[in-house]
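Hi everyone, thanks for making time. Let's have a look at today's structure together.

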Amino acid sequence: MDDKTKDYVKYKLQKAAISMKEARLLYENALHETAVSRLYYAAFYAANALLTNVGLNPKTHTGTKSLLNKEYFLPGRLDNSYAELYTMLMAKRHEADYENFAFIDEQQIPLWIEKTQNFINEIEKLMGDSLI
């Protein structure tokens with residue numbers, strides 16, 4: 001992997017970490033819809049880092065989800081529970097950002113925060129030493 005790509009991957013992982021921090025702060029301040037949106041983006045940025053790390057460059061949110069399914073969830077390289085999490089966060093983000101009356105179960109957000117962090121941690125494990 002060339003230095004430019006490596007820097008891009010690191011940048012996306014940094015954006016994932018920042019989005020996680022934002023999600024926690026938003027949740028703590030009862031801004032639930034925006035917290036869920038930031039959780040989705042944390043997962044999205046980490047997923048893009050993973051895909052870019054192996055030479056795949058999706059152009060859309062749906063493309064990212066499709067490539068994750070094809071390359072990581074279906075072959076079992078990432079646990080299928082993360083596919084369910086990613087799909088749910090994507091739908092909740094869309095609902096929170098675009099629907100007139102979004103329903104976000106605020107009691108679920110701490111669990112979603114934990115699961116999203118675990119998803120990011122698994123992605124970082126998969127990438128291993130490739131970013132050093």
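Before we start, one cut-off: a residue is called buried when its relative accessible area is under 20%. And please keep in mind that this is a predicted model.

With that cut-off, let's go to Thr 64, which sits in helix H3, residues 61-73. Is Thr 64 buried or exposed? Its relative accessibility is 0%, so Thr 64 counts as buried. Leaving aside residues up to four places away in sequence, Thr 64 is in contact with Phe 44, Ala 47, Asn 48, Leu 51, Pro 58 and Tyr 86. With Asn 48 there is also a polar contact, side chain to side chain, at 3.4 Å.

Next stop, Leu 26. You'll find Leu 26 in helix H1, which covers residues 3-28. Leu 26 counts as buried too, because its relative accessibility is 18% and the limit is 20%. Beyond four places in sequence, Leu 26 touches Leu 31, Thr 34, Ala 35 and Arg 38. Val 36 is 10 residues from Leu 26 in sequence, and their C-alpha atoms are 8.9 Å apart.

Staying with H1, how does it pack with helix H5, residues 109-127? The angle is about 165° and the axes are 11 Å apart, so H1 and H5 run roughly antiparallel. Their crossing is left-handed. From H1, the residues involved include Val 9, Leu 13 and Met 20, and among their counterparts in H5 are Ile 113, Ile 120 and Met 127. Sorted by class, that contact has 11 nonpolar, 2 polar and 2 charged residues.

That's my tour; happy to take questions!

How values were computed:
Residues numbered from 1 in each chain as written. Predicted model: local features only at pLDDT ≥ 70, side-chain atom pairs only at ≥ 80, totals over all residues. Heavy atoms only, no water. Helix = DSSP H or I, 4+ residues; strand = E, 2+ residues; numbered from the N terminus. Buried < 20%, exposed > 50% of the residue type's maximum accessible area, 1.4 Å probe, protein only. Contact = heavy atoms within 4.5 Å. Axes fitted to C-alpha atoms, helices over the stretch in contact; angles between N-to-C directions. Parallel < 35°, antiparallel > 145°, perpendicular 65-115°, else oblique. Left-handed = near helix turned anticlockwise from the far one by under 90°. Nonpolar A, V, L, I, M, F, W, Y, C, P; charged D, E, K, R; others polar. Polar contact = N/O pair within 3.5 Å; in protein donor to acceptor, adjacent residues only side chain to side chain.
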